[in-house]
Amino acid sequence: MKTLNSLLSHKLMALVRMDSKDKGQELADILVAAGIKVIEITLTTPGAEKIIEKLAKNKELTVGAGTVLTTKDVKKAENVGAKFIVSPDTNEEVIKASKKLGLISMPGVATASEVAIALDCGADILKLFPASTYGPSHLKALRDPFPGNLWC
């Protein structure tokens, strides 16, 4: 509950997706210095696990892993201190593995069926993905039949 409260209260989550570990760590450090408290490190960033591990030592931050595609990725992220899992898809096993480990699950959804599946599996926050191709009217159309759920 603490992680969910942190995500909701800060209302801003920075995303780090870089092409090298050094650039990823540099950007993460800049975000922390700027006062950002919630940071997602995508697993497509080389050295993502090391970056998450370093950031997770700072108890003022809420750090998560993004672009999580497998249950193996969920476990690796949890082992290095990630508190939330962001996926681009509605992978039932990833959602369930996240919840089993006590992590916040944020799967990507694009259809009403995906929303229903994600919620049935215990997802905490729904992420319209890819948001750039759907837009606000699509998000509204999905939210109307699923009121009261958290979206990003």
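Biologist: What is isoleucine 39 in contact with, leaving aside its neighbours within four places in sequence?
Modeller: Isoleucine 39 is in contact with Ala14, Val16, Ala28, Leu31, Val32, Leu55, Thr62, Val63, Gly64 and Phe84. Contact means heavy atoms within 4.5 Å.

Biologist: And the ground rules?
Modeller: This is a predicted model, where local features need pLDDT of at least 70, side-chain atom pairs count only at pLDDT 80 or more, and totals for chains, interfaces and linings use all residues. Residues are numbered from 1 along each chain as its sequence is written, and side-chain values use heavy atoms, with hydrogens and water left out.

Biologist: How many residues are in the largest nonpolar core?
Modeller: The largest nonpolar core has 23 residues. Such a core is a set of buried Ala, Val, Leu, Ile, Met, Phe, Trp, Tyr and Cys residues joined through side-chain atoms within 4.5 Å. Buried means under 20% relative accessible area, exposed over 50%, and partly exposed in between, with a 1.4 Å probe and protein chains only. Those with the most contacts inside the core include Ile39, Ile41 and Ile52.

Biologist: Which helix gives the largest share of this core?
Modeller: H3, with 4 residues. Helices are DSSP runs of H or I of at least four residues, strands are E runs of at least two, and both are numbered from the N terminus.

Biologist: How do H2 and H3 pack?
Modeller: The angle is about 25°, with the axes 10 Å apart. That makes H2 roughly parallel to H3, because angles under 35 degrees count as roughly parallel. Axes are lines fitted to C-alpha atoms, for helices over the stretch in contact, and angles run from 0 to 180 degrees between N-to-C directions. Residues making the contact include Ala28 and Val32 of H2 and Ile51 and Leu55 of H3.

Biologist: Switching to H1, which of its residues are buried?
Modeller: Thr3, Leu4, Ser6 and Leu7. They cover an arc of only 160° around the axis, which puts them on the same side of H1; the arc is that of the directions from the helix axis to the C-beta atoms. The face turned away from that side carries the exposed Lys2 and Ser9.

Biologist: Is valine 68 buried or exposed?
Modeller: Buried, at 0% relative accessibility. Valine 68 is found in the loop between E3 and H4. Its contacts, neighbours within four places in sequence left aside, include Leu43, Val74, Ile85 and Val94.

Notes:
Parallel < 35°, antiparallel > 145°, perpendicular 65-115°, else oblique.
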